[in-house]
Amino acid sequence: MAAQRDPDLDNILANEEELEKALCVLAGSDPENCSYSQGYMKRQAVFACNTCTPSAAEPAGICLACANKCHDGHDIFELYTKRNFRCDCGNNKFQSFQCQLIPSKDKINVKNHYNHNFSGCYCICDRPYPDDQDNDEMIQCVVCEDWFHSRHLGCTVVEPEELQEMVCEACMNKAPFLWTYAANFAVPPVISVSDPEEEEVEIEEGGQREEDCEPSQSGEPSTSLEHTKEEESTNRSSLCKRTHDKMTGSPGKATTKTVTCRLMELQVQGLERLRKGAVFWPYSWRSELCTCTSCKRAYVAAEVPFLMDQSDTILAYENRGLDEPFGQHPLMALTSSLDRVQQLEVIYGFNDLTTSISAFLNQCVAEGKKVTVEAVQEFFEELRARKRRRTSAGYD
C-alpha cells in the first residue's frame, strides 16, 4: 500500500516555490551596488520611500541597493519592476538627502516615467495596496505598468495559473493596431453582453474597415451601439474560424496576397474582436508583431517600441534572475546546503515566523497601536520564549 502524502508537506513545498518565485524579482537586481551607474536599465526592481519623498507632486524611485543601504529603516514600499528607469536616490527630488553609494548624480532623471504607483496608489480606482477593505487580486499591465484590480479590467479574468501578459483597455486604445493582433493571437475575451438573446450576424470573412488599411495611432474605436454589436458578432464568428483554421492548417480565404507587412496581412484576413476590456496574451505574442519600417514607426509613435523586445518581459527578467542572480537570498542559500528533512524544518520555521509577524501587525492595526521599537522587541522576545518552551518540551 502506497504511503499517503502529507497535505501539510504539499503546502510547505508550494510555499517554498512561491518564495523562490517572489525572490526572482529581486534576484535580477543588484543588492549591493546602486544601479544609477548602469544608466536607464531595461528592467529592475524599483522602490519608493515614503519617508523621503511623501509628496505625490514629486514622485521618485530608488533601486534595490539604495533601499537596503541608504533608506534602511525608512517607510519603503515595493513597486515590483519598472522598465527604462534610473535610480533617483539623492537627486533633487530628495532635497538635502544624499545617496551613500553614489553621492554625485544628475539633478533629475529626465527619462524616468512616474505614475500614481510611486505614491502608493494603484488601478483606475486610485486606491492603496494592500487595502484592508479589498482582497481583490491585482494584475499589472505590461504597457503602462500600473496595477489593476481584476474587477476593474472590464473583462472576466482567466484562471490565475493561466495569467500571462496583460494590456489594459486604455493602453490598447493608445496603440489601436494591437486590437488586430488581439483578434488573432490573444486569449479569447469573455465579456458580459447586455442582450444575451441577441442573434449572431454572419459577417463575410475577409471584410475590413477602411481605417484598418495601415497602422494608425489616431483612430479610436467607435463607441456607437450599432458598431459595438457588429464587432461583438464578428468577434464570436472569427474566433470559431480562427480555431478551425489552426486545427486544420487551412490558410483561410484571404491569405493569398503579396504584402510584406504582417499587420496588413492580418487586417486583410478580417478577423475582428470587440474593442472592450483588458486583453490577455500568451507569452509568445510579441514574436507575432510586425517589425517592418512602417510598423516600427507606429510603435514609436504610440510609445510602445519595447513590445518588439522579447527580453523586456517580466518572465525574461525573472529567468535572468534565476540563471545569473546578483546574489542569492540567505534562506535559499541555507536550504540548498541542507538535506530534505532539514530544509523542511527551516521552511516550517520561516512560515511560522511570517505568520506570526502578520498576526502581530494585524493586531496593532486592529487595536490602533503604533508599531514601536519596544513593541517589536517584545514581540521577538515572546517568539524566543515560545521556542524555548517547545525545545524544553521535546526533552521532557
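Which residue's side chain does a polar contact of 3.0 Å join to the side chain of D30? The partner is N33. The model described here is predicted.

## A buried aspartate

D30 sits in the loop between α1 (7-27) and β1 (41-49). The residue is buried, yet it has no salt bridge. K69 is the nearest side chain of opposite charge, and it is 8.7 Å away. A salt bridge would need a side-chain nitrogen of Lys or Arg within 4 Å of a carboxyl oxygen of Asp or Glu.

D30 does have polar partners. Its side chain reaches the backbone nitrogen of E32 at 2.9 Å. The contact with the side chain of N33 comes in at 3.0 Å.

## The β1 and β2 pair

Strand β1 pairs with β2 in the antiparallel sense, over 7 bridges. Two of the facing positions can be named. C49 stands opposite I76 of β2. F47 has E78 of β2 as its bridge partner.

Both strands are well covered. In β1, 8 of the 9 residues are buried. Strand β2 spans residues 76-85 and is largely enclosed by the rest of the structure, because 7 of its 10 residues are buried. In a regular strand, side chains alternate between the two faces of the sheet.

## A covered helix

Helix α4 runs over residues 178-185. How many of its residues are buried? The count is 8 of 8, so the helix is described as mostly covered.

## A nonpolar patch on the surface

Elsewhere, nonpolar side chains come to the surface. L353, I357, L361, V371 and F380 form a nonpolar patch there. Together they have about 350 Å² of accessible area. Which helix gives the most to this patch? Helix α10 (residues 340-367) does, with 3 residues.

F380 belongs to another element, helix α11 (residues 373-395). Is F380 buried, partly exposed or exposed? It counts as partly exposed, because its relative accessibility is 33%. That value falls between the cut-offs of under 20% for buried and over 50% for exposed.

Technical notes. Residues numbered from 1 in each chain as written. Predicted model: local features only at pLDDT ≥ 70, side-chain atom pairs only at ≥ 80, totals over all residues. Heavy atoms only, no water. Buried < 20%, exposed > 50% of the residue type's maximum accessible area, 1.4 Å probe, protein only. Helix = DSSP H or I, 4+ residues; strand = E, 2+ residues; numbered from the N terminus. Patch = residues over 30% accessible without salt bridge, like charges linked within 9 Å, V, L, I, M, F, W, Y side chains within 5 Å. Areas by Shrake-Rupley, 256 points an atom, 1.4 Å probe, with all protein chains shown as cover. Lys, Arg positive; Asp, Glu negative; His and termini not counted. Polar contact = N/O pair within 3.5 Å; in protein donor to acceptor, adjacent residues only side chain to side chain. Pairing = 2+ DSSP bridges.
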